[in-house]
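Q: Could you take a close look at one chain for me and walk me through what you find?

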Amino acid sequence: MSDVAERVRKVTARLLKVDAADVKPESHFVRDLGAESIQSIELVAAFEEEFDIEMDQDEALAVQTVGDAVRFIEKVIAQQRA
Amino acid sequence: MRLIIYEDDTFGNFYPLTYLRAVFELRCGATTLAEKLRRVAPWWPVAYFARDALATVLRERLDALVNDPASLVGDDLLLVNGRLLLLDAAQFPAEGAEETLSCGGTIVGARVRRATAEAAAAQTPAELLAAVRGVLPTRELKGTVLSFLWELIHHNPAAIVADFKAAGKAGIVGTFSDHAAVWGSKEQVYVAPTAEVQPFVCIDTTHGPVTIDEGAVINPHTRIEGPGYIGPGTMIVGGKIREGCSIGPVCRVGGEVEESIIHGYSNKYHDGFLGHAYVCEWVNLGALTTNSDLKNDYSTVQVYLNGELVDTGDTKVGCFIGDHTKTSIGTIINTGTVVGVMCNVMASGGVTPKFIPSFTMFLDNKMYNIAFRNTLETARKAMSRRKRELSEADVALLEAALKLTKPERDELVRRSRKMLARERGLSE
């Protein structure tokens with residue numbers, strides 16, 4: 001698991017108060033992990049803080065799974081550190 | 001003659017009300033500041049000048065020349081600053097000699113002959129005024145030049161009275177239930193031909209006039225105290241509309257409202273108190289949203305303006321809420337709070353902070369950036385319910401405001417992220 005993936009898993013588990021083992025790449029934030037819309041806002045902010053990045057809110061909130069979040073964050077990191 | 005209504009460079013003192021509108025478009029009384037100025041000479045053509053960011057939307061809204069230097073030549077001109085609150089047009093004679101006009105030491109306009117204007121070759125009213133200042137004699141006007149947003153609230157009761165007199169309409173023309181009552185002089189009430197006042201409504205004119213404008217509907221169990229103005233197509237769905245309220249067109253209002261201005265197209269449908277407040281367009285205040293307009297120690301209220309807290313010198317100051325902002329049920333708004341444009345304010349179990357920057361979600365005592373494009377869609381939906389559309393120019397103005405307000409938002413959002421990380425144990 002990449003560093004980004006591990007950190008996304010840790011932040012997601014702590015913020016949504018779920019077992020880290022249940023946070024898998026295919027996990028759907030809402031359906032599988034029980035994220036409510038308010039928690040989605042908090043998750044985006046938590047990822048921004050964790051990775052010191054700024055994400056487009058519309059694009060970030062459209063992400064549905066943990067794996068997609070990892071890919072999205074990796075893309076933003078690459079763009080903002082280029 | 002041509003009337004030129006212009007906005008000067010103090011528009012920032014009226015933020016967040018003026019992010020999407022010119023100062024002269026602000027409501028005070030039944031009408032806007034510009035509508036009052038037009039009473040000086042209603043038959044004259046009018047042109048407007050404002051900051052460039054507003055030019056396109058103003059052309060759409062006002063169907064007039066905006067920021068066009070050609071409007072400063074070809075005719076005699078009466079230039080008037082749009083933040084002049086003109087309660088009595090008779091105080092401002094349209095015709096007269098060339099002169100600059102001053103109010104309380106502030107130059108608020110000029111009467112300029114065509115030849116003088118053309119010799120000045122000005123591109124803006126400010127340039128023209130600079131050319132004639134000190135050259136033409138100055139006349140001091142009686143009136144008020146508004147300097148800060150809370151002054152709109154302060155002057156609103158007198159402006160309602162002045163607008164009632166200027167309109168020259170009184171009496172019950174529209175539908176007025178046999179079981180509704182006017183408490184006080186019936187000469188101080190105007191119910192427009194298509195307005196409807198339903199049973200068990202009390203209109204109290206003992207302290208000032210009340211206008212129920214065209215198409216307005218007043219539901220049962222409503223008390224409206226004068227001076228008061230209920231705009232066209234607005235529904236009052238029960239409650240207390242206390243003295244000094246101006247409620248613009250197509251609003252839905254209930255609960256208790258006191259000395260407040262609701263610009264238009266906004267909803268405060270449910271119970272909850274709104275006092276000494278200015279609410280812009282397309283705002284929805286959730287059930288039991290309540291604002292404080294008086295501090296427990298009766299000290300003067302400070303308002304956050306352009307990066308600092310400014311003492312209003314007034315003990316009764318409510319809140320100022322920008323366009324397209326929504327509050328959740330049970331939101332408690334602090335005294336003198338400024339909430340920007342397109343905010344989403346969620347009740348957090350306490351009072352709001354004194355300042356919520358534009359395009360921010362306030363949630364659990366933290367601030368987050370909103371999803372702008374999603375929120376635009378919400379705005380479109382809200383507007384379509386009232387048969388209005390968000391034009392391309394409106395979107396461009398919102399995008400400009402988003403960019404303009406980024407610095408004041410960024411630091412608060414950064415602090416909130418750190419607070420979230422600490423609270424949830426994410427920063428270990």
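A: Happy to! Start with the two domains of chain B: the C-alpha centres of domain 1 and domain 2 lie 28 Å apart. Domain 1 covers 2-147 and domain 2 covers 151-385, with bounds from an automatic or database domain assignment. This is a predicted model, where local features need pLDDT of at least 70, side-chain atom pairs count only at pLDDT 80 or more, and totals for chains, interfaces and linings use all residues. Residues are numbered from 1 along each chain as its sequence is written, while chains are lettered from A and ligands numbered from 1 in the order in which they are written.

Between the domains of chain B, 20 residues of domain 1 are in contact with 27 residues of domain 2 (C-beta atoms, placed from the backbone, within 7 Å). The domain 1 side has eleven nonpolar, six polar and three charged residues; Ala, Val, Leu, Ile, Met, Phe, Trp, Tyr, Cys and Pro count as nonpolar, Asp, Glu, Lys and Arg as charged, and the others, Gly among them, as polar.

Chain B also meets chain A, in a contact that takes 17 residues from chain B and 14 residues from chain A. On the chain B side, β39 (360-363), β40 (366-369), α6 (372-384) and α8 (406-423) each supply at least two residues, and α8(B) gives the largest share, five residues. Helices (H or I, at least four residues) and strands (E, at least two) are DSSP runs, numbered from the N terminus. By class, this side of chain B has nine nonpolar, four polar and four charged residues. In total, chain B has eight helices and 40 strands.

Conventions: Contact = placed C-beta atoms within 7 Å.
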